[in-house]
Amino acid sequence: MRNALKCSTGFAVTPLADAAVPAVHRGRILSFLSDPGDGKDPASYRYFSDGALLIENGRIAALGPAESVLKQLPTGTLLEDHGDNLLLPGFIDNHIHYAQSDVIGAGGRRLLDWLQDYTFVEEGRFGDPQHAAQVAEFFLDQLARHGTTTALVFCTVHPESVDAFFGAAQRRRLRMIAGKVMMDRNAPEGLCDSPERSDRESRALLERWHGKDRLHYAITPRFAVTSSDAQLRVAGRLARDFPDAFIHSHLAETHSEIAWVRELFPSSRSYLDVYDGHGLLRERAIYAHCIYLDADDRARMAESGAAAAFCPTSNLYLGSGLFDLAAADAAGMRFSTATDVGGGSSFSMLRTLDEARKVARLQGQDLAPLRAFYLATLGAARCLKLEDHIGRLEVGAEADFIVLDLQATELIARRTAAAHTLSDVLRILMTLGDDRAVKATYILGRQVHGDPAATTLSTKPAAS
């Protein structure tokens with residue numbers, strides 16, 4: 001274990017880090033280059049046991065061994081030393097409902113009953129802009145606390161809920177994706193729109209928010225059960241008119257849901273075919289759950305470039321089923337992990353990864369620790385087609401990253417001290433970690449959660 005601070009490279013202690021100047025972060029650093037699969041390919045990631053990450057103007061300007069990077073720093077560069085803690089890209093949550101923050105742990109019912117008894121009741125409150133704004137701030141605080149820096153977010157049917165969420169995210173300079181729910185049947189009257197209204201309101205929200213600063217819009221039919229054929233045609237037109245917008249919905253979560261879709265769309269071959277027939281299957285289309293797909297469905301997902309959001313805590317909490325990682329891999333179908341709050345039981349991606357591993361093990365499969373962290377970072381960014389911006393620590397990428405505390409609890413400290421490999425450390429973090437393990441969260445290089453690291457200031461010019 002190295003010393004917490006090394007000032008022999010020309011740094012002097014300063015009491016306050018000025019975020020307006022370049023900063024270098026020192027610690028263990030991990031970033032992925034490709035899917036690690038079984039975790040045995042060292043070319044799939046970059047790891048520095050003592051690394052340095054230079055941030056300038058919100059982006060990564062240099063990355064490498066600390067000894068090399070620190071020699072090149074100009075006078076005035078801030079050094080934040082994270083000791084032996086682990087720096088990695090911020091987590092990306094590819095399916096979550098901000099309006100369900102207050103229904104986590106509500107009941108233990110099956111999906112369709114849970115929606116009627118808890119979720120729809122809570123979502124009915126989001127026509128109130130003040131309530132929507134208050135929950136949006138709480139939700140974003142929770143994401144930062146748990147190390148999630150980007151999320152694909154369900155709002156509600158109310159445009160006010162979308163404006164509140166995007167307004168809060170914009171003030172925090174976050175890269176976020178969200179959209180108004182489209183829902184015109186099989187839901188409480190107060191939560192239903194119409195094809196015409198959903199088209200009008202979605203277009204207005206797209207024009208107002210999509211591509212503004214770091215914000216993206218998602219065309220969001222809740223699921224086929226709650227959208228008529230006419231409304232799904234509207235969603236398809238929106239997808240054609242805004243080809244770089246996202247598409248976000250649910251797919252094949254439970255047997256009862258699938259049976260209902262079959263009754264509502266008897267001419268469609270499968271649940272997936274309902275969306276495909278309306279032009280809603282393409283890159284930047286993310287479908288939550290995807291538990292009960294057949295081989296043809298998975299092949300079509302892979303061909304189209306659409307991706308699945310694997311939501312283990314939600315699937316286990318509601319008793320929905322087990323996502324088949326091996327079948328998805330065999331088909332070449334892209335997927336990433338997601339919390340699915342509030343069906344999901346935690347905002348924590350660490351808890352989610354642990355449950356994902358258990359889902360795999362229950363089917364005689366495995367989820368290597370390296371791959372688990374890939375799915376929550378670069379893998380998720382690739383599903384969103386945002387890997388040029390987020391999900392990796394590479395020169396030019398946006399500086400959204402987190403620091404995981406290897407001393408977060410006595411048990412984590414004891415176990416990581418005995419770890420022999422990086423995979424051992426990651427397995428311990430995903431087995432024992434939660435929000436306590438997130439030491440700090442940074443957005444565009446600015447700390448938004450956690451206690452400040454030990455800070456020093458460069459006092460000599462860069463080497464020539």
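**Close-up 1. H95 is a buried residue, with a relative accessible area of 0%.** Buried here means under 20% relative accessible area, with exposed over 50% and partly exposed in between (1.4 Å probe, protein chains only). You'll find H95 in strand β6, residues 91-97; helices (H or I, at least four residues) and strands (E, at least two) are DSSP runs, numbered from the N terminus. Leaving aside neighbours within four places in sequence, H95 is in contact (heavy atoms within 4.5 Å) with residues including H248, H250, H289 and D340. The model is predicted, so local features need pLDDT of at least 70 and side-chain atom pairs pLDDT 80 or more, while totals for chains, interfaces and linings use all residues. Residues are numbered from 1 along each chain as its sequence is written, and side-chain values use heavy atoms, leaving out hydrogens and water.

**Close-up 2. The whole structure has 15 aromatic pairs.** Rings of Phe, Tyr and Trp (its six-membered ring) pair if their centres lie within 6.5 Å; planes under 30 degrees apart are stacked, over 60 edge-to-face, and the rest tilted. With centres 6.0 Å apart and planes at 65 degrees, F139 and F165 make an edge-to-face pair. F139 sits in helix α3 (residues 129-145) and F165 in helix α4 (residues 159-171), so this pair ties together parts 26 residues apart in sequence.

**Close-up 3. F139 also pairs edge-to-face with F347, their centres 5.9 Å apart and planes at 65 degrees.** F347 is in the loop between β14 (334-337) and α12 (349-362), and F139 in helix α3, so the pair links parts 208 residues apart in sequence. Both F139 and F347 are buried.
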